[in-house]
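Biologist: I have not looked at this one before. Can you walk me through the model?

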Amino acid sequence: MRHPIFGLGEHGVDLFFVISGFIMVALTDARPTTPRTFILDRIARIVPPYWIATLCAFLVAAVDPHFYHGSTEPGLLAKSLFFVPARNPFGEIEPTLFLGWTLNYEMFFYAVFALTLFLPRGRLVVLCSLFAILVLIGSLMRPTWAAATVYTDPLLLEFAAGAILGRVFGARPGAPASLRQVLAAIAVALVLMLLAFWSGRLVFGAVAVVLVSGGLLLERGGAMPRLPWLKLLGDASFAIYLFQQFAFVLVGKSLAVTGRLLHHAVPHLLIEVLNIVAAIALGLLVLRVLERPLTKAVKEALRRLGGGPVGLRAAA
């Protein structure tokens, strides 16, 4: 039986969406960038590790479906690689690497956000209004087509919530917190909490807003410690997320063999702890060996092709 505390991890995606909205607005407010630079930076950051993880899932499932259970349908693989929402053979809206469903939302957010960068002003209002309209359309029409289902999902409102926090707090580490920021955070969380009566999942979005806002307020108040190991985990978070399932499978297979040899079952709590340790270890390895070199190489290649810098930090 799975320990209840680990079930909370399933809602980490809500925190991920709120943080994403916050970061994109905060960074581009502080360092104005072009739509081209923004989208190329996102491609260089997201695509290489995701494609590797997706291809690994496809190949492992094709070679040994008992080791990794997943779809080996070529059409789904092609759509997965280009972030096109599609249903797998089991009728679920999931890509080849099933964890990649969150990136279908993420890349849609990036595409819409990049378009708002063409606007001289009012882009936050346009972004939030557009997502609200899409969600309303989804609520009224209840589409069954995979892409329409994703692009009208209430989860889009979590990006909008994070974007509002990004405008209110900004990318100003060390700046003192204000009453305006506290009130804005409370208002955003309350709106999501009220909307949760309509779409229950948004209650976790409201919790995510509270957590992100709380962290920002602590940081602005000088109460947030700077821990190098925590920053390293943050840097590796994407790799940990993408490759965690492989780590879980390896732990499960290893413990199954160990259990048979020792003639007893391994406690579930121990399995969960080992899963986390293995996922972090694998993620750190992927960060160092694959993600960082690949991201750097792709950014350089895109820079040469486009004749300009690629990266939010490099943008003028």
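**Overall fold**

Modeller: Among contacts in the chain between residues at least 6 apart in sequence, 73% join residues at least 24 apart; contact here means heavy atoms within 4.5 Å. This is a predicted model, so local features need pLDDT of at least 70 and side-chain atom pairs count only at pLDDT 80 or more, while totals for chains, interfaces and linings use all residues. Residues are numbered from 1 along each chain as its sequence is written, and side-chain values use heavy atoms, with hydrogens and water left out.

Biologist: How many helices and strands are in the chain?

Modeller: The chain has 13 helices and zero strands. Both kinds of element are DSSP runs numbered from the N terminus, with helices being H or I of at least four residues and strands E of at least two.

Biologist: What is the radius of gyration of the chain?

Modeller: The radius of gyration is 21 Å, close to the 20 Å that the globule rule gives for 316 residues, so the chain is as compact as a globular protein of that length. That radius is taken over C-alpha atoms, and the globule rule is 2.2 Å times the number of residues to the power 0.38. Along the principal axes, the C-alpha atoms fill a box of roughly 65 × 45 × 45 Å.

Biologist: What share of the residues is buried?

Modeller: Buried residues are 42% of the 316 in the chain. Buried means under 20% relative accessible area, exposed means over 50%, and partly exposed lies in between, with a 1.4 Å probe and protein chains only.

Biologist: What about the surface and the charges?

Biologist: On to salt bridges. How many are there in the whole structure?

Modeller: The search finds ten. A salt bridge is a side-chain nitrogen of Lys or Arg within 4 Å of a carboxyl oxygen of Asp or Glu.

Biologist: Which residue does R123 pair with?

Modeller: R123 pairs with D29, and their closest N and O atoms are 2.5 Å apart. R123 is in helix α6 (residues 123-141) and D29 in helix α2 (residues 12-30), so this pair ties together parts that are 94 residues apart in sequence. R123 is buried at 13% relative accessibility, while D29 is partly exposed at 31%.

Biologist: And where does E291 sit, and with what partner?

Modeller: E291 forms a salt bridge with R45, with 2.4 Å between the closest N and O atoms. E291 lies in helix α13 (residues 268-306) and R45 in helix α3, so the bridge ties together parts 246 residues apart in sequence. E291 is buried, with a relative accessible area of 4%, and R45 is partly exposed, at 23%.

Biologist: Which residues are joined by salt bridges that share partners?

Modeller: D29, R123 and R167 are joined into one network that way.

Biologist: What does V13 touch?

Modeller: Not counting residues up to four places away in sequence, V13 touches W101, T102 and R201. V13 is in helix α2 and counts as buried at 9% relative accessibility. The C-alpha atoms of V13 and F204 are separated by 9.2 Å, although the two are 191 residues apart along the chain.

Biologist: Last topic, the backbone. What is the phi of F83?

Modeller: F83 has a positive phi of about 60° and is not a glycine. Most residues other than glycine have a negative phi. F83 lies in the loop between α4 (74-81) and α5 (101-116) and is buried, at 9% relative accessible area.

Biologist: And R142, buried or exposed?

Modeller: R142 is exposed, with a relative accessible area of 64%. R142 is in the loop between α6 and α7 (146-150), and its phi is also positive, near 45°.
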